[in-house]
Amino acid sequence: MNSSRKIAVVTGASSGIGAVYADRLARRGYDLLLVARRGDRLQTLATRLEQAYDIKAETLVADLAQEAGLTQLESVLASNPAIRVLVNNAGIARLSPVADAPPQDSLSQIALNITTLTRLTHAVLPAFKARNDGVIINIASALALHALPVSAVYSGTKAFVLNFSRGLQQELANTGVRVQVVLPAATATDLWDISGVPLAALAPDTVMSAEHLVDAALAGFDQGESVTLPSMADTGLWARYDTARAELFTTMQTGQPAPRLLAL
Ligand SMILES: NC(=O)C1=CN([C@@H]2O[C@H](COP(=O)(O)OP(=O)(O)OC[C@H]3O[C@@H](n4cnc5c(N)ncnc54)[C@H](OP(=O)(O)O)[C@@H]3O)[C@@H](O)[C@H]2O)C=CC1
Ligand SMILES: N[C@@H](C=O)C(=O)O
């Protein structure tokens, strides 16, 4: 993924994983469009990266959970032919039982983690396909594969990101457009404290740094992985999981109720 003056767009670049993606893509020679709500942080990062890597970094201050901000970024993505990479990273977690949370907590996760990611993908795909070139990196989560009593909605949104990405990978298989989906496990970012579960409550040895996470995810990209679990050492585990998943799907195509479920 080296480039000469192509633009990478990183959503949620004002902190955490997105800020590290911005750094690493700048290091690879990309110009950047950094997007988030906190413009001061975006600008500080943009200035640092321009100086460090001799690239151009622009910022777009936008609330991607609101129509105005999302539409603004969609039109940039659809109209700037230099954009070759989209990192769909912006996301939030609100970790609590559904019964204890206001509906807005669920809706805000669905809006940013699902709707925004989907709309931004729609916005870049026509140009990527027409050029037969482009990269979309979607940040899901280990919780795409797992649900906790406090993560029903968050896990649901990340399961969407995983399945959306895997469907897209098949749709784009015969094109030059690559989609990578990344499933980080716990990573040391601000997300936790904002989510309602403090980072300090996690066992430190279960938490990866954002730098290690992004470097591992990009190493997975470079090695051709389409689904990257950055903290998973045994790739055979994923292979077995995915084989079992595919077998399950195939064996469900019987057109008949399973024998145990036949009415007595
Ligand atoms: N940390 C972890 O353990 C894990 C994180 N992830 C995923 O990684 C991604 C990045 O999160 P992470 O770096 O951890 O968390 P951070 O809270 O550090 O970063 C979230 C980013 O999203 C931006 N953002 C939040 N809301 C909006 C909005 N409405 N409009 C635009 N931008 C917004 C924030 O910027 P601003 O507030 O300035 O708008 C910030 O830049 C998320 O998708 C998350 O689900 C996945 C697995 C594990
Ligand atoms: N963001 C973390 C939990 O809420 C995760 O995705 O693991």
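What percentage of the 264 residues in the protein chain is buried? Buried residues make up 37% of them. The model is predicted.

**View 1. The whole protein chain.** Eight helices and seven strands form the secondary structure of the protein chain. Its radius of gyration is 19 Å, close to the 18 Å that the globule rule gives for 264 residues, so the chain is as compact as a globular protein of that length. The C-alpha trace spans about 70 × 45 × 40 Å along its principal axes. Of the contacts with a separation of 6 or more, 65% link residues 24 or more positions apart.

View 2. Seven strands line up in the order 3-2-1-4-5-6-7, with parallel pairing. Strand 3 (57–61) stands at one edge and strand 7 (227–228) at the other. Each has a single partner strand, so one side of each is left without a neighbour in the sheet.

**View 3. Strand 4 beside strand 5.** Strands of a sheet pair through backbone hydrogen bonds, either parallel or antiparallel. Here strand 4 (residues 83–88) and strand 5 (residues 134–139) run parallel. Four bridges join them. Within this pair, V87 has I137 of strand 5 as its bridge partner.

**View 4. Helix 2 on the sheet.** Helix 2 (residues 39–53) packs on the sheet. It touches strand 2 (31–36) and strand 3. The directions of helix 2 and strand 3 make an angle of about 175 degrees.

View 5. Helix 3 (residues 67–79) lies across strand 1 (7–11), strand 2, strand 3 and strand 4. Helix 3 runs at about 145 degrees to strand 3.

Note on methods. Residues numbered from 1 in each chain as written. Chains lettered and ligands numbered in written order. Predicted model: local features only at pLDDT ≥ 70, side-chain atom pairs only at ≥ 80, totals over all residues. Helix = DSSP H or I, 4+ residues; strand = E, 2+ residues; numbered from the N terminus. Rg over C-alpha atoms; globule rule 2.2 N^0.38 Å. Buried ≥ 20, exposed ≤ 12 C-beta atoms within 10 Å, placed from the backbone. Contact = placed C-beta atoms within 7 Å. Pairing = 2+ DSSP bridges. Axes fitted to C-alpha atoms, helices over the stretch in contact; angles between N-to-C directions.
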